[in-house]
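Open the model in your viewer and keep the sequence panel beside it. This tour goes from the whole chain down to single side chains.

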Amino acid sequence: MPPPPIKWWLQPDTVKDLGLSETQVTQLNDSAIAGRKAEIELRAQTELSQVELDALMDRDPLDLKATEAAIDRFVQLHANFEKQRMLGLLHMRHILTKEQYLKLQQRFMERMATPKGRTDD
């Protein structure tokens, strides 16, 4: 399940509905900041490796060994980026109780089912 919108844990109605403690809000915020920083670094490294790979692919004659190594580096960095995203979800799940997590999932599914801009109020 993808996470709800960024900083959902700071929305007063969500905090109240889930029964989040101040400690949980702080932990979720700290985890999100750390995760975001890591994702930014990994994204930058991945993009730089793409530039290097592109340059190697444009060479004539092609250096097969160097290009294969660049491909390996690019694929590994991309995998690390995806792993970091999943670790963020894992940390969120670890901070929340099972009941809070299930309620959050329900809120997310309800939000996804509601057309944008439409409210029942």
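## Whole chain

Of the contacts in the protein chain with a separation of 6 or more, 65% are between residues 24 or more positions apart; contact means heavy atoms within 4.5 Å. This is a predicted model: local features need pLDDT of at least 70, side-chain atom pairs count only at pLDDT 80 or more, and totals for chains, interfaces and linings use all residues. Residues are numbered from 1 along each chain as its sequence is written, and side-chain values use heavy atoms, with hydrogens and water left out.

Show the cartoon. The protein chain has four helices and zero strands. Helices (H or I, at least four residues) and strands (E, at least two) are DSSP runs, numbered from the N terminus. The order of elements from the N terminus is α-α-α-α.

Now zoom out. The C-alpha trace spans about 65 × 35 × 20 Å along its principal axes. The protein chain has a radius of gyration of 20 Å, whereas a compact globule of 121 residues would be near 14 Å. That radius is taken over C-alpha atoms, and the globule rule is 2.2 Å times the number of residues to the power 0.38. Of the 121 residues, 24% count as buried. Buried means under 20% relative accessible area, exposed over 50%, and partly exposed in between (1.4 Å probe, protein chains only).

## Helix H2

Select residues 22-58, which form H2. H2 has 37 residues and reaches 54 Å from its first C-alpha to its last, close to the 54 Å expected at 1.5 Å a residue. The expected span is 1.5 Å times one less than the number of residues. Colour the buried positions of H2, among them Val 25, Leu 28, Gly 35, Leu 42 and Leu 53. The buried residues of H2 pack against helix H1 (12-18), H3 and H4.

Go to Gln 24, also in H2. What does the side chain of Gln 24 reach? It reaches the backbone oxygen of Ile 95 at 3.1 Å. This is a polar contact: a pair of N or O atoms within 3.5 Å; within protein, one must be able to donate a hydrogen and the other to accept it, and residues adjacent in sequence count only if both atoms are side-chain atoms. Gln 24 is buried, with a relative accessible area of 9%. Not counting residues up to four places away in sequence, Gln 24 touches Gly 19, Ile 95, Leu 96, Thr 97 and Gln 100.

Step along to Asn 29. Asn 29 is partly exposed, at 22% relative accessible area. Beyond its neighbours within four places in sequence, Asn 29 is in contact with Trp 9 and Leu 10. Draw a distance from its C-alpha to that of Lys 7: 7.4 Å, for residues 22 apart along the chain.

## The tryptophans and the core

A search of the whole structure finds one aromatic pair. The rings of Trp 8 and Trp 9 have their centres 5.6 Å apart and their planes at 85 degrees, so the pair is edge-to-face. Rings of Phe, Tyr and Trp (its six-membered ring) pair if their centres lie within 6.5 Å; planes under 30 degrees apart count as stacked, over 60 as edge-to-face and the rest as tilted. Both Trp 8 and Trp 9 are buried. Leaving aside neighbours within four places in sequence, the contacts of Trp 9 include Val 15, Leu 20, Leu 28 and Ala 32.

Next, select Trp 8, Trp 9, Leu 18, Leu 20, Val 25, Leu 28, Leu 89, Met 92, Ile 95, Leu 96, Tyr 101 and Leu 104: the largest nonpolar core, 12 residues in all. H2, H3 and H4 are the elements that give two or more residues to this core. H3 supplies the largest share, three residues. A nonpolar core is a set of buried Ala, Val, Leu, Ile, Met, Phe, Trp, Tyr and Cys residues joined through side-chain atoms within 4.5 Å.

## The loop and helix H3

Move to Pro 61, in the loop between H2 and H3. A cis peptide bond joins Asp 60 and Pro 61, with omega about 10 degrees.

Select residues 64-95 for H3. H3 has 32 residues and reaches 47 Å from its first C-alpha to its last, close to the 46 Å expected at 1.5 Å a residue. What covers its buried residues includes H2 and helix H4 (98-113).

Finish at Gln 84. Is Gln 84 buried or exposed? At 16% relative accessibility, Gln 84 counts as buried. Not counting residues up to four places away in sequence, Gln 84 touches Gly 35, Ala 38, Glu 39 and Leu 42.
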